[in-house]
Amino acid sequence: ESKNNQLYSDDNENIDNCLVIDRSVQSPNIYVAGIESLKENGKPKKIIECFGIIGLFHLAAGPYLSVITGRQLIGTMKGHKIYRLSKVTNFEFSTNSLNLSHEKKKYENTCLSILDNLLNDGHFYFSYTFDLTTNLQKMARRNNLIKEYPLYMQVDKQFWWNKTMLKPFRALKLDNWILPIIRGYVHVSILLIKGLCFDFVLISRRSRYRAGTRYHTRGVDEQGHVANYVETEQIIGLNDSSWSSFVQTRGSIPLFWGQKTKATSYNPKAKLTHSHAESAAAFATHFDRQLSKYSKQVIVNLLDRKGDELLLSEAFEDFLSNFNNENISYIQFDFHAYCKNNQFQNVSILLDKIADKLAAIGYARINNGQIESLQCGSIRTNCLDCLDRTNLVQSTFAKTSLLVQLESFGIIDIDGDEVVDRTFREAWTNNGDAISLQYAGTGALKSDFTRTGKRKTKGKVKDGYNALSRYVINNFKDGLRQIAIDLMLGVQQVETLDFSQMVEEEHIDKKSKHNNNNNNGEEFETDFALNFE
């Protein structure tokens, strides 16, 4: 920051240029300038080291700039470095906050605090040179068409979390400073198997549409986007030239439904909302998009066949029957009935049911940039929250695919290999915890089985603690978390916020520390790149 009140950012591609944000004017001006011309007004003074720009968000005092001031190298894939955001710093563009009333200043500080908590929660990832938003199959099919375009023009917009925050930069075509970030989970490790070094990569991409917290975002919206929608891709690579990829999705039941939380109710009942016609339209839009993006769909429904979960299951099956598409198959597996008394190994029964479909879907194989085989469809798994049951089942499908993927590289008879099993279980357990923390506020339940293959007393105790923590978080804290997500994604503006809710939840949050219908607001945008199949 120099004496004329400007912020500077070095252009990594050309150190002779800087990005300048002039804060001395009422509407801050953003432009690129040569470093020499800036020195005429006094040598720019370094105030902080940053590694990228997340973008802008707007509060009552005006715009704020979010920059990455801490990063952790997760690993390297295909020669590209992948980072996790470890620290984000926000700068106010002006000093307008000094003119806010005491009450508005309090709300301003609350908004800044919850946004700071969200951006610094450790669940955002980026790469300067690799598109983390797009699975390898889609990337391979479109590369010749758009490889000359800037990175941000190649992304899958559904998983580009700071797209709205970078809107002013996109409008000015400041390509070198536009850095897409994803929310979800990334694991990168090396497997040494029979003398060969394989890259093992797991990437979960959370959708920015209908994003939010557990009880605030359920079901579907008018654009067919569902709550807690995540695409998870498991990748195996050899010698940076030969790659295989297996993609799955999870997401809330695509109907209008919800659960009204009450402090006196530990497990609120799920209820259908909206008319049959409205649900039918949103349901069709959702699966039209799934079919367009991933081709054939295998739906695995893990809900109970009793209580309000049965109500949702029967409605799901009714709408699916009316949709009547031959490219969609449906498997009902009452997880709690089959796996009662912690017999989670009984998921093998589901695996037997789906084996033929899993084999038919296959996986993508890319060798030296050329597609050798395509994944022909995907499995869409759901339970009520699409967290604990879903992650355990998805990891089972992924392990089956992993063995087949490795066979394509000539590696056979490794089921039970200690190194492979440990790496696989660790990645999928951490994946489940990350997705659960983002949606429900705690790590996943049943994670001890995913991590070790066994159900232990310690795991049961941890599940009990997490379940109780979810009750507190979901009933008393998630309103503020939801507001932070909405502000980041541009779903809400500060002028439309319900400040009474903020005051109430802030009071409850402080008390708990002392005691120890979301709509994305955007029309669906067609991806520039080709679809999955």
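**Notes on the predicted model**

1. The lining of the largest cavity is made up of 2 nonpolar, 5 polar and 2 charged residues, where Ala, Val, Leu, Ile, Met, Phe, Trp, Tyr, Cys and Pro count as nonpolar, Asp, Glu, Lys and Arg as charged, and the others, Gly among them, as polar. The residues concerned are Gln-158, Gly-224, His-225, Val-226, Tyr-229, His-286, Arg-289, Gln-290 and Lys-293, and the space they line comes to about 70 Å³. A cavity here is a set of points, on a 1 Å grid over the protein atoms alone, where a 1.4 Å probe fits but cannot get out, and lining residues have an atom within 4 Å of a point. Grid points are joined across faces, edges and corners, and the volume is the space filled by probe spheres set on the points.

2. As to provenance, this is a predicted model, in which local features need pLDDT of at least 70 and side-chain atom pairs count only at pLDDT 80 or more, whereas totals for chains, interfaces and linings use all residues. Residues are numbered from 1 along each chain as its sequence is written, and side-chain values use heavy atoms, with hydrogens and water left out.

3. Why can strand β10 (residues 230-238) be called largely enclosed by the rest of the structure? The reason is that 9 of its 9 residues are buried, buried meaning under 20% relative accessible area, exposed over 50%, and partly exposed in between (1.4 Å probe, protein chains only). Strands (E, at least two residues) and helices (H or I, at least four) are DSSP runs, numbered from the N terminus. In a regular strand the side chains alternate between the two faces of the sheet. In β10, Val-230, Thr-232, Gln-234, Ile-236 and Leu-238 point one way, while Glu-231, Glu-233, Ile-235 and Gly-237 point the other way.

4. Strand β10 has antiparallel partners in β9, to which it is joined by 9 bridges, and in β11 (residues 242-250), again through 9 bridges; two strands pair if DSSP finds at least two bridges between them. Glu-231 in β10 stands opposite Arg-205, and Thr-232 has Gln-248 in β11 as its bridge partner. The hairpin of β10 and β11 has 3 residues between the strands, and Asn-239 there takes a positive phi near 60°.

5. A further hairpin is formed by β16 and β17, with 2 residues between them, and Asn-368 in its turn has a positive phi of about 55°. The two strands, residues 364-367 and 370-373, pair in the antiparallel sense over 3 bridges, with Ile-366 opposite Ile-371.

6. Positive phi values deserve a look in loops as well. Most residues other than glycine have a negative phi. Lys-78, in the loop between β5 (62-77) and β6 (80-92), has a positive phi near 55° and is partly exposed, because its relative accessibility is 32%. Lys-194, in the loop between β8 (181-193) and β9 (196-206), has a positive phi near 50° and counts as exposed at 57%.

7. Helix α10 (residues 418-440) has 23 residues and should span 33 Å, and the 32 Å between its end C-alpha atoms agrees with this; the expected span is 1.5 Å times one less than the number of residues. At the start of α10, a side-chain oxygen of Asp-417 reaches to within 3.1 Å of the backbone nitrogen of Val-419, and the helix is followed by Gly-441, with a positive phi near 90°.

8. Gly-490 follows α13 with a positive phi near 80°.

9. Thr-133, in the loop between β7 (124-126) and α3 (136-146), is buried at 2% relative accessibility. Its side chain makes a polar contact with the side chain of Thr-134 at 3.2 Å, a polar contact being a pair of N or O atoms within 3.5 Å, where within protein one must be able to donate a hydrogen and the other to accept it, and residues adjacent in sequence count only if both atoms are side-chain atoms. A polar atom of the Thr-133 side chain also lies 2.8 Å from the backbone nitrogen of Asp-156.

How values were computed
On a 1 Å grid over the protein atoms alone, a cavity is a set of points where a 1.4 Å probe fits but cannot get out, and a pocket is an open set with protein on both sides within 12 Å along at least five of seven lines; lining residues have an atom within 4 Å of a point.
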